[in-house]
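Got your viewer open and ready? Let's walk through this one stop at a time, selecting as we go.

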Amino acid sequence: MSAAVKSSVKDGQTAPSDKQQVASQGAKSYKGFVAGVFSGIAKLSVGHPFDTIKVRLQTTDKSQFKGPWECLSQTVKNEGIKGLYKGATPPLVGWMFMDSLMLGSLNVYRRLLNDNVFNPRRASADSNLGHKHLPTIGHAMAGVMAGATVSFIAGPVEHIKARLQVQYQVEKSKRLYTGPIDCVKKMFGGYGIRGIYHGLTATLIFRTFFFFWWGSYDIFTRALRENTHLSAPAINFWAGGVSAQVFWLTSYPSDVVKQRIMTDPLGPERKFPRWRDAAKAVYRENGWRGYWRGFTPCFLRAFPANAMALVAFEAVMRGLPE
């Protein structure tokens, strides 16, 4: 009997077979994907109106909206409350899949990094270890890997959402796109799959900052668990909300560039053929402050939306059977 098997035989119990270990790991992996669906629903419900204001500020100058309050008031006045939920259908469907893929793959990458990089001996001795002893750098690395993975769904979803959010016409007949399906049809019909995936590079760049989100989430979770008597949902709420703020503080300028690219015309009128062209345009038009235009609604949205998303995710993770 190997040392790994010997160490897992305790109190007369038989060590789990290889098939049992694979089944157990598969069950733990599926939980992350299921919990991610509920995370996506919670995030959309709380955060989409803030996101609409953010995108509109990011893609206009002060001649149209002086700030978030004017953008909000004009949107509601001219388009009603429904105006705040323009483009909500793609993320409603997309974020369920996006958060399922992101958080599910995050769970898988944490386990792979733990078992193969950071704690291979400990993992082989205890099949139930999971990622409990994964260091913060491991959580941060898993975040970047999960961010890259989900970008291939997030890119098209965010592209369609952004196109719909910057349509200011009240009457649908005057809009270029009548809805998400029409938007997809027109982009694919005119520009093929490259049109749908316009802005993918900017999406991948933006999601490298998941390093700070998931690294700080682990730091805050450990600190709250060790230094407070908060319940698990409360820890998830506060750690999720604060880590989201860290993420946006580090990533926001790249998000501004991404939105400029995603709302750029696709035809010969295209202004930004490369990421750096859009980055230069933002600075040329508004200086360094241009990289932070629309930050207030984003910052206000980040805490409640992501806090509730992570509460939902962790609650489902705890509630689902092994």
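Here is a short tour with a few stops, starting with some ground rules.

This is a predicted model, so local features need pLDDT of at least 70 and side-chain atom pairs count only at pLDDT 80 or more, while totals for chains, interfaces and linings use all residues. Residues are numbered from 1 along each chain as its sequence is written, and side-chain values use heavy atoms, with hydrogens and water left out.

**Stop 1: a bent helix**

Select residues 232-262, which make up helix α10. (Helices are DSSP runs of H or I with at least four residues, numbered from the N terminus; strands are runs of E with at least two.) A straight helix of 31 residues would span 45 Å at 1.5 Å a residue, yet α10 covers only 38 Å between its end C-alpha atoms. That expected span is 1.5 Å times one less than the number of residues. Now click Ser251: α10 bends there by about 60 degrees, and Pro253 follows within four residues. The bend is the angle between axes fitted to the seven residues ending at a residue and the seven starting there. Of the 31 residues of α10, 22 are buried, so the helix is largely enclosed by the rest of the structure. (Buried means under 20% relative accessible area, exposed over 50%, partly exposed in between, with a 1.4 Å probe and protein chains only.)

**Stop 2: charges on the inside**

Which residue does Asp255 pair with in a salt bridge? Show Lys54: the closest N and O atoms are 2.8 Å apart. Lys54 lies in helix α2, so the pair ties together parts 201 residues apart in sequence. A salt bridge here is a side-chain nitrogen of Lys or Arg within 4 Å of a carboxyl oxygen of Asp or Glu.

Lys54, buried at 1%, also has a salt bridge with Asp51, at 3.6 Å. Asp51 and Lys54 sit three residues apart in α2, about one helical turn. Asp51 is buried too, at 4%, and its side chain makes a polar contact of 3.1 Å with that of Gln165. (A polar contact is a pair of N or O atoms within 3.5 Å; within protein, one must be able to donate a hydrogen and the other to accept it, and residues adjacent in sequence count only if both atoms are side-chain atoms.)

**Stop 3: one more pair**

Finish with Asp277 and Arg274, whose side chains meet in a salt bridge of 3.2 Å, N to O. Asp277 is buried at 17%, whereas Arg274 is partly exposed at 45%.
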